[in-house]
Amino acid sequence: MTEERAALLERLELAKGRIREMKQEDVRGELSDQIPAEIRSSLTAFTGAVCDYLDSCFFVIERLGDGLFREEGPKVSDWKDIPLEEWQLMNRKLYAPLADGAYADSFANPDRASELGTYGEVLSFVMAELYSMPGYIFDGKLFMIVTLTELFLEIFGKLTQDSAPAEARLREAVALYAEDYAEEIVGLRIRDQFTPGVGTPYQILMDEDLSDEGYLYKYGEYISETDRQVAAFMQSLSEEEIDSMARTFTEGFRRGFETMRIPFEGKKSVTLRYAIGQERMVRRVAEQFLEMGLTPILTRVAGSRLNRKGVVRQGVVSTPVSRQFEYDHRMDEALFLGRRYMERKLAAQRSALEEMGELLSQYAGPALIETFGEETFLPEAKETCIRLSEEQRALSTEMTSLQGQQMEEYLPGDSYSFAIIAYPIPEIGERFEEIFRETVRINTLSNDTYLPLQQKLIDAMDAADYVLVEGCGENRTRMKVPMRRLSNPEKETQFENCVADVNIPLGEVFTSPVLEGMEGTLHVSGVYLNGYFFKDLEITFRDGMTDTYRCGNYEDPEAGRAYIRENILFHHESLPVGEFAIGTNVPAYRMAERFDILGKLPILIVEKTGPHFALGDTCYSHAEDTAVYNPDGKEIISRENRFSLLRETEPEKAYFNCHTDITIPYREIGRITAVYPDGTERDLIREGRFVLPGTEALNAD
């Protein structure tokens, strides 16, 4: 054992002893006499809640055994003798403060933390930060466990000083914590993201008995009834079904290298993202990747609030224990975000990326398996939540941009591919199994059928002056989309003919549109974007940039605009239209209509069920200089816009580091019409149906 690890273990024992002493004491007597009487009892309750939670964490650490903190990480096989009932008990202990509605009473809830007066924001952050402990425990990350425990003890120590700390001094303590540990935390995350074949999740996926429900709990993530049901359903599928689902996915990933003409030689790793419960299928995916020479990388999505910005959200995920909790703490960095913190974090990322140079060169890309069907989440907008100042919003946007530039420097976007697919979860309703099997059918539609039909749409738009998109009924959409003039129509095209390779299921033609002259209104009655539901969403555009926006989620219009700014614009004042597309997958739309699940489908599928506009970067972000061709051999020349053209001269202005598709369903489309230079028009879609001659077959189920 190294001296550093021995010192960490000693610090953990000391912290553990102090926490358990505090559980037995009346800590009110230790609090400073200067603390106002009206919050002393709440501070005592806060301290007791933290000590109880940390003691639950220590209980789990002790039960998992001495091997948890070995240098090479824990061995999951060491835990084989722990019975299912005990796994379930440990899971309940770790997530009790957030599960089953308990979050309302947690001091991580900003409303409850307001009882702590001016200390509330800081202490709510501390409580939330401690809730990231389970992942660190099951990964054996001793440094983070010690650091988090000592953070609380330092904060408590300040509350016991003779003169009560001003709220500013507590903020200073948190800021120092964020800055002091930025290097370790960022480095930890980067190493996890790009090191293949290691870690607790990898051992579970490749080695555990998946017929034994106990394997679910060995991740250390919250395990819900949904996760258990998904695992049970996967066990019910035949070997042939499992193999076919996996092959659809891995072959799509492999074809991506061919489609984008990216060299596959020398690639040795692939990131797997999946939902806990899907392991039986994902193990087959991993085996097929290994046959290609790619070793999976498995990490977990959750972690410290200090490391949310700039993190590629890939890894193993479970059902969220409380989505309101995550929403309430989405801007926790307001406590410590300043230029010094940003510079420390950027330096830490650069150092970690330099360290990972060889592994980055061998990286083939992410393979993402999404889920859909969860209950629509309408977050409560709380006045008590901490928020970024205008200055911090600008700094946050700048930091995200600089982090993206660094990643592009060490891991160019044209050096790797990706694949993404989605399956439903039981929350979608009683007809889950029917929906699942229909989704499998949608995911395996024939490329050969769709390629020529989509090509007719492309040919019609390539010759147009502009395309007009209009809604029908109560849909107020009216968008004018200018088209580029092709200098060599025999060899060039504006639209990508997208079938099922990296982006499964098939079914869209898309382009990076001309921004100048793009005008109008985009409206949709309801849509699920970036994990949040938007009701009656309406955005207007001027020269391809967002101008005004509103939604019907809240009675207060300003609250609705703030909701859009945070979750679609990502604090940018305005965003360009990075993509215009027409989805052609009518079977997916029919599935959604038949089962009444359109509002629960992920963007991955929804974008194939109607025209859509994406806000943010283009689909070719950071890869504009790489020639891309359709199967007919034509080069897709619409790979950039006036912003990405700045990538060499003003890189800070070239990218927005976001891309959000907003789809208008067929039932809300009045017409999509190609308008030609001579004023003639050709309808592509009318009243939600494809009417361009030669494309009528797209209307079939």
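This is a predicted model: local features need pLDDT of at least 70, side-chain atom pairs count only at pLDDT 80 or more; totals for chains, interfaces and linings use all residues.
Good morning. Five strands of this structure form an open sheet in the order S9-S10-S14-S15-S17, with antiparallel pairing. Two strands count as paired if DSSP finds at least two bridges between them. Helices (H or I, at least four residues) and strands (E, at least two) are DSSP runs, numbered from the N terminus. Strand S9 (496-498) and strand S17 (659-663) stand at the edges, each with a single partner strand, so one side of each has no neighbour in the sheet. On average, neighbouring strands of this sheet are turned by 25° against each other, direction ignored.

Residues are numbered from 1 along each chain as its sequence is written, and side-chain values use heavy atoms, with hydrogens and water left out.

Let us stay with the sheet for a moment. Strand S10 (residues 508-511) pairs with strand S14 (residues 577-583) in the antiparallel sense over four bridges. Phe510 stands opposite Ala581 in S14. Which helix lies across S9, S10 and S14? That is helix H19 (residues 447-462), and H19 runs at about 155° to S9. For such angles, axes are lines fitted to C-alpha atoms, for helices over the stretch in contact, and the angles run from 0 to 180 degrees between N-to-C directions. Gln455 lies in this helix, H19. Gln455 is buried, with a relative accessible area of 15%. Buried means under 20% relative accessible area, exposed over 50%, and partly exposed in between, computed with a 1.4 Å probe and protein chains only. Leaving aside residues up to four places away in sequence, Gln455 touches Asn497 and Asp632, where contact means heavy atoms within 4.5 Å.

I turn now to charged side chains. In general, side chains of opposite charge can pair when their charged atoms come close. Here, a salt bridge is a side-chain nitrogen of Lys or Arg within 4 Å of a carboxyl oxygen of Asp or Glu. How many salt bridges does the structure hold? The number is 61.

One of them joins Arg18 and Glu30, whose closest N and O atoms are 2.9 Å apart. Arg18 lies in helix H1 (residues 3-24) and Glu30 in the loop between H1 and helix H2 (37-64), so this pair ties together parts that are 12 residues apart in sequence. Arg18 is partly exposed at 24% relative accessible area, and Glu30 is partly exposed at 26%.

Arg441 and Glu438 approach to 2.7 Å between the closest N and O atoms. Both lie in helix H18 (residues 432-443), three residues apart, about one turn of the helix. Arg441 is partly exposed at 33% relative accessibility, whereas Glu438 is buried at 13%.

A further salt bridge links Arg476 and Glu538, with 2.6 Å between the closest N and O atoms. Arg476 belongs to the loop between strand S6 (466-471) and strand S7 (478-482), and Glu538 to strand S12 (residues 532-542), so the pair ties together parts that are 62 residues apart in sequence. Arg476 is partly exposed, with a relative accessible area of 42%; Glu538 is buried, at 17%.

My last topic is the aromatic rings. Rings of Phe, Tyr and Trp (its six-membered ring) pair if their centres lie within 6.5 Å; planes under 30 degrees apart count as stacked, over 60 as edge-to-face and the rest as tilted. By this rule the count comes to 34 aromatic pairs. Tyr53 and Tyr131 form an edge-to-face pair, 5.1 Å centre to centre, with 80° between the planes. Tyr53 lies in helix H2 and Tyr131 in the loop between helix H5 (120-130) and helix H6 (133-138), so the pair ties together parts that are 78 residues apart in sequence. Tyr53 is buried at 4% relative accessible area, and Tyr131 is buried at 9%. Tyr131 also forms an edge-to-face pair with Phe325, at 5.8 Å centre to centre and 70° between the planes. Phe325 lies in helix H14 (residues 323-328), so this pair ties together parts that are 194 residues apart in sequence. Thank you.
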